[in-house]
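Open the structure in your viewer and follow the stops below in order. Each stop says what to select and what is there.

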Amino acid sequence: MIWLYGICDQPAEALPLPAAGVAGAEPRAVVEGPLTAVVSDHEHDLREPAAESMIAHARVVEQLAGGDAGGVLPARFGSSLETEQAVHELLRDRRERFLARLACVHGRVEVGVRAMRLGAAEPEHAEAARSSGRDYLLAKLRERGEAGRLADELDRRLTALSRERRLLLLRQPRELLRAAYLVEPSAVEAVQREVARSEQRSDELAVLCTGPWPPYSFVEEER
Amino acid sequence: MSDELLRQRDVALVDLVDRLLAGGVVIGGDLTLALADVDLVYVSLRALVTSVATAEEMGLTLPAMSAR
């Protein structure tokens with residue numbers, strides 16, 4: 001079985017390959033035209049999604065993303081192919097798409113942002129609910145409106161700093177925004193400033209910002 | 001390490017796992033990880049979160065930026 005870490009568009013000899021990948025196997029390059037897949041070979045299927053494997057995979061991807069020569073399209077964790085032939089076919093079949101995405105992520109980093117509504121507005125709701133259903137709805141709308149409006153504005157400002165932006169699925173009721181932004185490394189500070197500014201503007205809004213990441217969320221064209 | 005820093009690390013780990021499992025190039029029907037295994041990953045992650053130092057020892061940087 002062949003484990004896939006990512007796809008690059010620089011020559012194999014320029015790739016910063018770490019000595020050990022998943023399960024201690026040594027990553028190597030498979031070259032097909034202008035594309036290089038970074039893989040490792042395993043005798044058995046790696047079915048156990050162990051935390052160690054995730055870290056090993058992420059570390060190889062990070063190293064590839066950090067290379068001078070440019071970018072990497074990370075493979076989803078757990079991607080594997082049966083044969084080396086299948087790796088060549090993958091690179092051949094999707095060559096144009098891979099090259100286009102690599103050109104886009106080249107030299108850029110991903111920043112993750114999550115905005116959440118804070119505070120328990122429930123007592124106010126309960127009161128409003130007692131007075132009238134209409135007041136209750138208005139109060140609820142106002143509450144969503146304030147933090148939600150700030151989150152929308154933050155999203156607009158961060159999008160303006162970005163080459164591309166992806167909205168990710170919201171996971172919790174309190175979440176107002178979950179997004180990834182593809183930015184120049186030099187723009188990361190500006191992102192942090194925008195996040196700090198929007199947090200200062202309301203006690204009801206908390207914003208978490210992680211990164212810089214390899215471009216995990218930007219491997220496909222926006223749909 | 002302060003609680004705040006630890007919390008940031010945890011958030012970064014959750015974000016990393018999200019990216020590993022939901023991001024990245026999908027190569028078709030060859031995903032080793034079956035959907036049913038995802039729960040298992042989160043179990044593993046909880047174990048991992050308790051030992052972030054291990055992740056660092058393994059050479060993985062966990063990027064977390066604070067806005068505060």
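This is a predicted model. Start in the largest nonpolar core, which has 23 residues, and select A:Leu4, A:Ile7, A:Leu73 and A:Phe98, the members that touch the most others. Next, colour the elements that each supply at least two residues of this core: strand 1, strand 3 (35–41), helix 2 (84–93), helix 3 (95–105) and strand 8 (175–183) of chain A. Helix 3 of chain A gives the largest share, 4 residues.

Stay with A:Phe98 and show its surroundings. Leaving aside residues up to four places away in sequence, A:Phe98 touches A:Ile7, A:Leu35, A:Leu73, A:Leu90 and A:Leu91, and also B:Val25.

Another core, of 22 residues, lies apart from the one above; select A:Tyr5, A:Ala56, A:Val72 and A:Phe77, which are among its members.

How many aromatic pairs does the structure hold over all chains? There is 1. Select A:Trp3 and A:Phe77 to see this edge-to-face pair, with 5.3 Å centre to centre and 70 degrees between the planes. The pair joins distant parts of the chain, 74 residues apart: A:Trp3 is in strand 1 (residues 2–8) of chain A, and A:Phe77 is in the loop between strand 4 (72–74) and strand 5 (80–81) of chain A. Both A:Trp3 and A:Phe77 are buried.

Finish by colouring chain B by pLDDT. Its mean is 64, and 28% of the residues of chain B reach 70 or more. Where pLDDT is low, predicted coordinates should not be read in detail. The model scores ipTM 0.80 and pTM 0.82.

Key. Residues numbered from 1 in each chain as written. Chains lettered and ligands numbered in written order. Predicted model: local features only at pLDDT ≥ 70, side-chain atom pairs only at ≥ 80, totals over all residues. Heavy atoms only, no water. Phe/Tyr/Trp six-rings, centres within 6.5 Å; stacked < 30°, edge-to-face > 60°. Buried < 20%, exposed > 50% of the residue type's maximum accessible area, 1.4 Å probe, protein only. pLDDT = per-residue confidence, 0-100. Core = buried A, V, L, I, M, F, W, Y, C linked by side-chain atoms within 4.5 Å. Contact = heavy atoms within 4.5 Å.
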